[in-house]
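Work through the following exercises with the sequence and the coordinates open side by side.

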Amino acid sequence: MASGKEINSGTAGEVVTLEPLSDKGISVHPKTLARWYQTLHLGRLIDMRAATYVRQAKGWSYHSSCAGHEGIQLILGLSFRQGKDFLFPYYRDMMTCLAAGLSVQEIIENGLSKPSDVGSGGRHMSNHLSKPSIRIQNVSSATGNHSLHAAGVARAIKSYNGDEIAFASFGESAVSEGFVYEAISGAAREILPVIFVIQNNKFGISVPINEESANENVAKNFEGFKTVKIVSCDGTNVFDTKRATARRSFTPIACASTPTAIPTGRRRTVPPKRSRKRSGSTPWPDSGITSLRKRAAPKPSLT
Ligand SMILES: Cc1ncc(C[n+]2csc(CCOP(=O)(O)OP(=O)(O)O)c2C)c(N)n1
Ligand SMILES: [Mg+2]
């Protein structure tokens, strides 16, 4: 191993040299770090297993990998308070849902469209995860559509003087949809307790960001919306995402838009949708997982 660097294998036999994950000045308890690493590692195993199910034509009729999005998804999932807040995840939010309270079995039952699937009894598309019993909401596959549902729920929360939060998560391309603007505009006007999390991987399927939006950081499209607080972070870095999503960032909660930025050169490399045809030997991005392992489990006995 090169000194001060991390080694990660992408595809079999490939060795990628990585810079250590910057902690951005955030101090995290070792037990919390270990929990983060365990969840990230488990999520990656499920994600890779899903791609195998696709290749075997056994499941995941639809698979959108969360690889490269894990930083923001882990912290989003852990920010969600089970049975209290309302989470509206999108089809790429597997890590979010794992961290938020779906079990491995529940995720796999969704992927295999089993009647026991807690979200829809196997009737919804795979990778569209939900668990209504703890308030992880079932959403449609019309991208970004659930931003309106989240704004509506936030309106109810405010009407009932609740302290719950509605989280809506989607990709940067979905932000081009008119209903996302309606949701953010309405939430801004009524100052609703809703957080819109924009996971910016700079592509909407194969359409690059410069053909989607004038602002590469699409959250900046909402800068003129009075009461909207815009928070930016590196969504590939759990520490930076933790910094950005600290509760105080959202107090008082108005309407916050949190884009994730994947730095140039570290763009997610797994195809947006792993089809049977395309699922090949694309390297899996590290997302700081290997680097985090060193911090979370420095003793050999734990590795
Ligand atoms: C309303 C609507 N339009 C088009 C589609 C087809 N579609 C599915 S995923 C996708 C790209 C979404 O890209 P983005 O929002 O950036 O999310 P990403 O998959 O990159 O995370 C599109 C256009 C759709 N599902 N719903
Ligand atoms: Mg995208």
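The exercises below concern a predicted model, and they go from the whole chain to a strand, a core and a ligand shell.

**Exercise 1. Describe the chain as a whole: how many helices and strands does it have, and what percentage of its residues is buried?**

Solution. Begin with the secondary structure, which consists of eight helices and nine strands. Next take burial, for which the share of buried residues is 46% of the 303 residues in the chain. Finally turn to the contacts with a separation of 6 or more, 71% of which join residues 24 or more positions apart.

**Exercise 2. Determine how strand 5 is placed: is it mostly covered or uncovered, and which residues point each way?**

Solution. Strand 5 spans residues 194-200, and seven of its seven residues are buried, so the strand counts as mostly covered, given that a residue is buried if 20 or more other C-beta atoms lie within 10 Å of its own. In a regular strand the side chains alternate between the two faces of the sheet. In strand 5, one direction is taken by Val-194, Phe-196, Ile-198 and Asn-200, while Ile-195, Val-197 and Gln-199 point the other way, and all of these residues are buried.

The next step is the neighbouring element in the pairing: strand 4 and strand 5 pair in the parallel sense over six bridges, and Phe-170 has Ile-198 of strand 5 as its bridge partner. Together with helix 6 (residues 178-190), strand 4 and strand 5 make a right-handed β-α-β unit.

**Exercise 3. Examine the largest nonpolar core: which residues touch the most other members, and which residues does Phe-167 touch?**

Solution. The core holds 59 residues, of which Ala-150, Ala-154, Ala-166, Phe-167, Ala-168 and Val-194 touch the most other members. Helix 3 (residues 94-100) gives the largest share of this core, six residues. If residues up to four places away in sequence are left out, Phe-167 touches Leu-76, Phe-80, Asp-85, Leu-87, Phe-88, Ala-150, Ile-195 and Val-197.

**Exercise 4. Characterise the surroundings of ligand 1: how many residues surround it, and which strands each supply at least two of them?**

Solution. First, 17 residues surround ligand 1, the closest being Ala-142, Gly-171, Ser-173, Ala-174 and Gly-204. Second, by class the shell has six nonpolar, eight polar and three charged residues.

Methods
Residues are numbered from 1 along each chain as its sequence is written. Chains are lettered from A and ligands numbered from 1 in the order in which they are written. This is a predicted model: local features need pLDDT of at least 70, side-chain atom pairs count only at pLDDT 80 or more; totals for chains, interfaces and linings use all residues. A residue is near a molecule or strand if its C-beta atom, placed from the backbone, lies within 6 Å of it. Ala, Val, Leu, Ile, Met, Phe, Trp, Tyr, Cys and Pro count as nonpolar, Asp, Glu, Lys and Arg as charged, and the others, Gly among them, as polar. A residue is buried if 20 or more other C-beta atoms lie within 10 Å of its own, exposed if 12 or fewer, and partly exposed in between; C-beta atoms are placed from the backbone. Helices (H or I, at least four residues) and strands (E, at least two) are DSSP runs, numbered from the N terminus. Two strands pair if DSSP finds at least two bridges between them. A crossover is right-handed if, with the strands pointing away from the viewer, the path from the first strand over the helix to the second runs clockwise. A nonpolar core is a set of buried Ala, Val, Leu, Ile, Met, Phe, Trp, Tyr and Cys residues joined through C-beta atoms within 7 Å. Two residues are in contact if their C-beta atoms, placed from the backbone, lie within 7 Å.
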